[in-house]
Amino acid sequence: MTAESRTSQLRTLIEKLYDRVPLYRSRMKALGVTPGDMKSPEDLSLFPFTVKQDLRDAYPYGLLACDRTELARLHASSGTTGKPTVVGYTRKDLDAWAGAVRDCMKTAGIRSDDIVQVAFGYGLFTGGLGIHDGAEALGATVIPASGGFSERQLLLMKDLGTTVIACTPSYALHLADLIEERGLKLNLRLGIFGAEPWSEELRRKIERRLGITAVDIYGLSEVMGPGVAIECPRHEGLHLQDDLFHAEIIDPETGTPLPEGEEGELVLTTLGKEGMPLLRYRTRDITRILPGRCSCGREGTRIARIRGRSDDMLIIRGVNVYPSQIETALGRVEGLSLHYLLEVSDRQGLKELTVCCEAAERLDGDGTALLAERSRQELLALLGVRVGFRLVGPGSLSRSEGKAVRIRNVA
Ligand SMILES: [Zn+2]
């Protein structure tokens, strides 16, 4: 991609938003910029951001750049509070999305002779239908299992000879427990896991226990759904769909663009979208753009695996702590299962954190005390701050069939 062609793609988008979306026109006017100011990719930083709250404020159709009648599908992400955020797709948008997921699957090493079981939820959430359409576009055999109903997932995997599983990494871990318990022999060879930030340690655990290659797929419904970026089996970062997205990394505090290689918040601008194109969407996801080229030889932008969401970052006695770092520490302790929950309480304005994690096996009193102590030491070594730790028995934390709830606020 040359700088000229990227500039022209971005200018086309900005012209469209200026003409068709009142929110963007008024923001550009307030900043004193016009589409004509877009003369090089660096000029993008002159233009306004879009944030999640903008989608809520524009609920349901306020950010459409096309007529409502041109929409072929609507998805929505559940809001933890109040109304969901709605995203509209034209037919062309859906085709581009399916093409993006298809290309991601090829990058991951999935082939047309694979049997792909989609265990992401189908519905308003983009995970299920997004992966489904891409796998069909690839020419694979697709099993639309949707999320949950674990016994049925296992039955389908075994009887239909599933070779590829797609779900959240926390659910993959749960399936691995059940498969081991029952001693099932399966044909699985690859898994694509996403919709949650997850650690290398969890990846290694899933790969070893399921006997598969596990790759990380990234996406978010606001800009499309799954398929924004994916790892190849080399696991050297995620290959971004450069023809559909322009990525920037900014300082989450100041909004200033950061140079290549520095960690910050990922900002995505959609290219070529018709229904709801977004300019400089702040994902809240923390990552960096990796310099150099992947050893697989593919060119283009690569991003590091998501360290976490800036919203999920906890400040414990002045130290920034991401749930994924906790997962990394727990993953280094032999004897833990990586089914875990973070309990956060507030003591006079200071956050206190207690990590609850399951033991992989039932232990006696001495074994429990020893494992808990090893876990506390590993957490302290990795986080640089002492946090509470509670070891619980196997199977005692609730299992999620979709995105795992990792943080619970307790009084
Ligand atoms: Zn690669």
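Predicted model: local features only at pLDDT ≥ 70, side-chain atom pairs only at ≥ 80, totals over all residues.
Val 355 is found in strand 18, which covers residues 350-359.

Which residues does Val 355 contact, leaving aside its neighbours within four places in sequence? They are Ile 326, Tyr 340, Leu 342, Leu 379, Val 387, Gly 388 and Phe 389. Val 355 and Pro 35 are 320 residues apart in sequence, and their C-alpha atoms are 49 Å apart in space.

## Two domains

The chain is divided into domain 1, residues 90-310, and domain 2, residues 313-410. Taken over C-alpha atoms, the centres of domain 1 and domain 2 are separated by 26 Å. Domain 1 gives 20 residues to the contact, and domain 2 gives 16 residues.

On the side of domain 1 that touches domain 2, helix 7 and helix 8 (200-210) each supply at least two residues. By class, the residues on this side of domain 1 are six nonpolar, nine polar and five charged.

## Helix 4 and helix 5

Two packed helices are described by the angle between their axes and the distance between the axes. Helix 4 (residues 91-108) packs against helix 5 (residues 126-138) at an angle of about 70°, and their axes are 7 Å apart. Helix 4 is therefore roughly perpendicular to helix 5, since angles of 65 to 115 degrees count as such.

Helix 4 brings Leu 94, Trp 97, Ala 98, Gly 99, Val 101, Arg 102, Cys 104, Met 105 and Lys 106 to the contact. From helix 5 come Gly 130, Ile 131, Asp 133, Gly 134, Ala 135, Ala 137 and Leu 138. The residues of this contact divide into ten nonpolar, three polar and three charged.

## Helix 6 and helix 7

Helix 6 spans residues 150-160 and helix 7 spans residues 169-182. The axes of helix 6 and helix 7 come within 11 Å and cross at roughly 70°. Helix 6 and helix 7 are therefore roughly perpendicular to each other. Is their crossing left-handed or right-handed? The crossing of helix 6 and helix 7 is right-handed.

The contact is made by Ser 150, Gln 153 and Leu 154 of helix 6, together with His 174, Leu 175, Leu 178 and Ile 179 of helix 7. In the contact of helix 6 with helix 7 there are four nonpolar residues, three polar residues and no charged residues.

## Backbone details

Phe 149 lies in the loop between strand 4 (141-143) and helix 6. Although Phe 149 is not a glycine, its phi is positive, at about 50°. Phe 149 is partly exposed, because 13 other C-beta atoms lie within 10 Å and a residue counts as exposed at 12 or fewer.

Arg 284 is also a residue other than glycine with a positive phi, in this case near 70°. Arg 284 is found in strand 12, residues 281-287. With 19 C-beta neighbours inside 10 Å, Arg 284 counts as partly exposed, because a buried residue needs 20 or more.

Where is Pro 60 found? Pro 60 is in the loop between helix 3 (52-57) and strand 1 (71-77). A cis peptide bond joins Tyr 59 and Pro 60, with omega about -5°.

Terms used
Residues numbered from 1 in each chain as written. Axes fitted to C-alpha atoms, helices over the stretch in contact; angles between N-to-C directions. Helix = DSSP H or I, 4+ residues; strand = E, 2+ residues; numbered from the N terminus. Parallel < 35°, antiparallel > 145°, perpendicular 65-115°, else oblique. Left-handed = near helix turned anticlockwise from the far one by under 90°. Contact = placed C-beta atoms within 7 Å. Nonpolar A, V, L, I, M, F, W, Y, C, P; charged D, E, K, R; others polar. Domains from an automatic or database assignment.
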